[in-house]
Amino acid sequence: MERTLTTPSPKNTTAPKDTDGARAYLDLLAREASAVEFEGPILQARAAGADSATLEELERAKVAALQVRAVLRRRAKREAELSALFDTASDLAGLRDLDAVLEAIVHRARQLLATDIAYMTLNDPERGDTYMRVTDGSISASFRRLRLPMGAGLGGLVAQSGTPYNTADYFADPRFRHTSTIDVAVHEEGLVAILGVPLRLGTQVIGVLFAANRSARPFAQEEVALLCSLAAHAAVAIDTARLLQETRAALAELSEANTLIRAHSESIERAADAHDRMTGLVLRGGGVEDVAAVVTEVLGGRLTVLDDVGRPLVGESGDLDTGVFDAAQSSRALGRTVKRGDAYVASVDVGAAPLCTLVLRTDRPVSDTDQRILERAAIVTALLLLFRRSVAEAEGRVRGELLDDLVSRPELRGLHDRARRLGVDLDTPHVLVVARHDGQRERGAFWASSQATLAHGLATTRGDEVVLLLPGDRPGALARRVAAELSASLGRPATAGAAPASGPVTAVAAAYSEARRCAGALVALGRTGDGASAEELGFVGLLVGERREVSGFLSSALGPVLDYDARRGTALVKTLNAYFGTGGSLSRTAEALHIHVNTVTQRLDRVGQLLGADWQEPERALEIQLALRLHRLRTHMPDA
């Protein structure tokens, strides 16, 4: 209980008794008063008129009370430190991860000593130095990367000697061997006062634990002892965490070995199962798709099956890149599966020519045994493709003979029935395509036969020409597709001409002649590798086409201008006739039409907007002039 000394009234001026003063100081101690409050009883006694002996006695009591207060505060602080140390040991015992243990030690060291920064270095036996491992409160990147030679600086000296060292001002302390690297890092961090204690495991020093301030500060022996105690607990915790980590690593290795053995056993079982299933597929007449289904079911992932030219038979081509095709070439050379990124590639060739390639993409590793499954699947796929090719060649001969008869002997009876048996309906719209090439005839014939079979059409070869009769009503688009795909298959340009072949059987022979002329015209025009129909060749189409469709030519060459004049009542066609008639002179065109030169310019600008900016290029201008003449003829000869 706090007791307040009462100031005596003037009528009864008596000094407080010694027992009252002692009791007052006991009250101050009991309520843990601040040091300044211990002056209160003396001031009250002096104010009450106490004699010098009383004041001297109170002074002695005050000194004794302050000494007791200091002892009590030291013991309370020590008790708090021991409690915190006990809590730290308990916390460290609960940690299992080495990094977490180190971070917890450094963080608790900074808390216990109330310093600006705490950090830990660990000894490196291989390099013979000690390196910064963990920091708490650091602001310098170079300080966090610091390595200290043994004996250099405060930390190197502690690591070498195993003795605690501390300094109130590091840079002014001559006991330590200063180096430029260490001093620059310490200066960048702004450290002044540093305390370092060794981390010991038995007689071995494994590192140093530090607490440091960015201002001058002497470290008391109690603080050194406290950090040493924390370092002792920390060393045990570090060793425990290390042993636990090593034990976990050993267990992980045993588990991994067990997993590998189990995986190897399972892969052998998968290989046997896949072999039996693929053998059954071949015996039952299964296809490439069935083999692919077995592979993906057994191995997982996504499977793409490519033919001899790299086109997908199963799966999509979107995942393929140049690396896959390089891997396919390596696989054929090695006779083994080749890995590229997440793709496993197995390829088979016949007579040094590629036949098929299997590309398996999966997120998980594929064992050697599972790679053998992919290789076996590639061989089975190659056998199926060879069988399919033999069948296709036989069917191609039949289809080729029919198309030869339609082209050269349309008068033969039974052509419709022969076509119907092959799945070809000659009464529906068809397009005949002639593709010229100077590539491999056998490859070109096989490609044409495959295309005809897939499209329910006919195909044959005549010298360096591939002839196809395919369903459709867009000759130009089909010719361009055939030219592009055949060029890609042969690896060199193929030029295709096309013509509609609808109507009677004799229309096929006429279409063949027109398509040949179209292909020849494209080559003559320097458009090798392109495809087109007669209608798309401009005025040249009037020469090579069977139907001589003037209307189609006029529409393609001059249609937008004719339509504009018809809708607006303008004279763009008349202006073009005058412009070309005067040799392209604006002034003479204006004189001939009795209009201003600016009007001529405006009309020609409109023509450019309708026909395109290249309408005055030589070839285009020639077509436009021919179309103008044909239009003038048709205007004066309506039945033309």
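1. In what order do the strands of the open sheet run? The order is β13-β14-β12-β15-β16. There are five strands, and their pairing is mixed. From one strand to the next, the twist averages 20 degrees. Bear in mind that this is a predicted model.

2. Look next at β12 and β14. Strand β12 covers residues 430-437, and strand β14 covers residues 465-471. The two pair in the antiparallel sense, over seven bridges. In this pairing, V433 stands opposite L468 of β14.

3. Two helices pack on the sheet. Helix α13 (residues 441-455) touches β12, β13 and β14. The direction of α13 makes about 5 degrees with that of β14. Helix α15 (residues 506-524) touches β12, β13, β14, β15 (494-500) and β16. The direction of α15 makes about 145 degrees with that of β15.

4. Now the pair α18 and α19. Helix α18 spans residues 572-581 and helix α19 spans residues 586-593. Their axes come within 9 Å and cross at roughly 125 degrees. The crossing of α18 past α19 is right-handed.

5. Which residues make that contact? From α18 come K574, T575, A578 and Y579. From α19 come L586, T589 and L593. By type, the residues of this contact are four nonpolar, two polar and one charged.

Key:
Residues are numbered from 1 along each chain as its sequence is written. This is a predicted model: local features need pLDDT of at least 70, side-chain atom pairs count only at pLDDT 80 or more; totals for chains, interfaces and linings use all residues. Side-chain values use heavy atoms; hydrogens and water are left out. Two strands pair if DSSP finds at least two bridges between them. Helices (H or I, at least four residues) and strands (E, at least two) are DSSP runs, numbered from the N terminus. Axes are lines fitted to C-alpha atoms, for helices over the stretch in contact, and angles run from 0 to 180 degrees between N-to-C directions. Contact means heavy atoms within 4.5 Å. A crossing is left-handed if the near helix is turned anticlockwise from the far one by less than a right angle, and right-handed if clockwise. Ala, Val, Leu, Ile, Met, Phe, Trp, Tyr, Cys and Pro count as nonpolar, Asp, Glu, Lys and Arg as charged, and the others, Gly among them, as polar.
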